[in-house]
Amino acid sequence: MRKTTQLLEAMCLVVASMTGTAASAMAAPGERYLHVKVEDAKEGESVNVNLPLSIAEKLLPAVNKGKLHDGRVTIGSTDMNGIDVRALLDAIRTASDNEFVTVKEKDEDVRVAKSNGNLVVHVRSHDKDNENVDVTIPLKVVDALFSTAKDNELNIVAALHELSDAGDALLITVQDASQHVRVWVDSHSSAD
Amino acid sequence: MILLGKIALGLTGTMLAGVGLICSEGMIEVNVVEKQPEAHHVYVLAPAMIVPIAAHFIPREKRGEASQHLGPYMPEIRAALGQLRQCDDFVLVDVQDRDEHVEVRKLGGSVVVDVKDQDDTVHVSAPIRSIASTLEEIAASDSEPRN
């Protein structure tokens, strides 16, 4: 009888520990990472930074210095050049996929478009550096960025939160003659 | 005989509890290997708990100075370390060039820094809890009454 009781107690402990482990595993959602990778083929250098978005989301509201406060950045009204960004975004959001801006210059081409719910910017430089810049930002993230009540603020934390909810995405690539920079979000803890 | 056994058991238990308490915050590991002709090897493995205690013995003036520098950044440090503890293991920074490789990662409950270059190999591992309590200890020293 005593052995049976002990066996039952042991089984209860095992079940309780397994339940606890399962509960904690279920409670912890997959971490999302912001990756920045800079490769310089000429210098043979490579820099990888992998930042969990949850850390950035917790850290930013704690920073209250300069233009950054409570996870928001104050921007000068001159930075906007009098443009009503919210109205502009609203117009882009409701429009179908399209190319909005195309600028062709002697040494640079710029394209701004909406594609599959993303705001896409391509810059092709034809000077000696041959620099190409591609930016793809989900419109939800851009919306979150401008989701503050004040016109002269960008809500960085809301944008990060929206970014962590979005799928894997290559956000920025910059390629020139020697350097290659990539910024992307996924759920892998390393850049490899 | 039974009494001696009980005493031995009690002593062993106390020792184990003591060791457990001292190691409760994990261990700090420092490993430095010089690759130069006269190779030196430094290896230190110490309980992390002693670091905040050791911070007490830093001269008050030096601690006060460090505290003034550290104080304004403590909210950010608290937030970052708190969240870092909850994260899965990951490589925070990895820098590689022709001669040097630096890696900073979170491994278990610790922050691990590895540096390899032509001259040395350095490995430092410190528990996040210990880093947090040491920084808190230093930051709090500015508010301590001076004699």
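Trainee: Which strands of chain A does helix 6 lie across, and at about what angle does it run to strand 9?

Mentor: Helix 6 (residues 156-165) lies across strand 4 and strand 9 of chain A, at about 30° to strand 9. Such an angle, from 0 to 180 degrees, is taken between N-to-C directions of axes fitted to C-alpha atoms, for helices over the stretch in contact. Contact means C-beta atoms, placed from the backbone, within 7 Å. Remember that this is a predicted model, where local features need pLDDT of at least 70 and side-chain atom pairs count only at pLDDT 80 or more, while totals for chains, interfaces and linings use all residues. Residues are numbered from 1 along each chain as its sequence is written, and chains are lettered from A and ligands numbered from 1 in the order in which they are written.

Trainee: What makes a stretch a helix or a strand, and how many of each are in chain B?

Mentor: They are DSSP runs numbered from the N terminus: helices are H or I with at least four residues, strands E with at least two. By that count chain B has five helices and six strands, in the sequence pattern α-β-β-α-α-α-β-β-β-β-α.

Trainee: What makes helix 1 of chain B "hardly covered"?

Mentor: A residue is buried if 20 or more other C-beta atoms lie within 10 Å of its own, exposed if 12 or fewer, and partly exposed in between, with C-beta atoms placed from the backbone. Among the 21 residues of helix 1 the buried count is zero, and buried residues make up 14% of chain B as a whole. Helix 1 (residues 2-22) also reaches 30 Å from first C-alpha to last, close to the 30 Å expected; that expectation is 1.5 Å times one less than the number of residues.

Trainee: How do you know which strand of chain B pairs with strand 2 of chain A?

Mentor: Pairing needs at least two bridges found by DSSP. Strand 2 of chain A and strand 3 (residues 90-96) of chain B have four, in the antiparallel sense, and Asn48(A) has Asp94(B) as its bridge partner. Within chain B, six bridges join strand 3 to the antiparallel strand 4 (residues 101-107). These two strands form a hairpin with four residues between them, and Gln96(B) is bridged to His101(B).

Trainee: How many residues does each chain bring to the contact?

Mentor: Chain A brings 19 and chain B 18. Strand 2 of chain A gives the most to its side, with seven residues.

Trainee: Why are strand 3 and strand 9 of chain A called edge strands?

Mentor: Each pairs on one side only, in an open antiparallel sheet ordered 3-4-9. Three bridges join strand 4 (residues 72-74) to strand 9, where Thr74(A) has Glu153(A) as its partner.

Methods. Contact = placed C-beta atoms within 7 Å.
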